[in-house]
Amino acid sequence: YQRRVHGIVSCAHRHRPITMAAAADAKVPVQKLEFKVGMTCGGCKTAVTKILQKTAGVTGIDADVDKKTVVVTGSVTSDQVLEALSKWSKAANKEVAFVKVL
């Protein structure tokens, strides 16, 4: 349950105001994330690229079938990328794992 008073949202169960500035601080900075993706062909690369192009915050994708890696650039977290690729990975029986921040 939330209540808005003078532009401040207050949660009734926590009794703490949530300001718009606090919400802005939660934005993800632009970063490069590397993933290990079980791509085996150009079709896999195309599918992964199309999925990530539709993911909010993603501004760049570099998929390499030979190395089985995907580098994602943007204001996105590793969990968001993993969630976006989870349906494809299950359907295609392919592994997807976060490796590191570049």
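1. Leaving aside neighbours within four places in sequence, V70 is in contact (heavy atoms within 4.5 Å) with L33, E34, F35, V37, M39, V48, L52, I61, D62 and A63. This is a predicted model, in which local features need pLDDT of at least 70 and side-chain atom pairs count only at pLDDT 80 or more, while totals for chains, interfaces and linings use all residues. Residues are numbered from 1 along each chain as its sequence is written, and side-chain values use heavy atoms, with hydrogens and water left out.

2. T69 lies in strand β6; strands here are DSSP runs of E with at least two residues, and helices are runs of H or I with at least four, numbered from the N terminus. T69 is buried, with a relative accessible area of 12%, buried being under 20% with a 1.4 Å probe and protein chains only. Residues up to four places away in sequence not counted, T69 touches E34, F35, M39, D62, A63 and D64.

3. Strand β4 (residues 31-37) pairs with β6 (residues 69-74) in the antiparallel sense through six bridges; pairing requires that DSSP finds at least two bridges between the strands. Within this pair, Q31 stands opposite G74. Strand β4 is also joined by five bridges to β7 (residues 96-101), again antiparallel, and there K36 has A97 as its bridge partner.

Conventions:
Buried means under 20% relative accessible area, exposed over 50%, partly exposed in between (1.4 Å probe, protein chains only).
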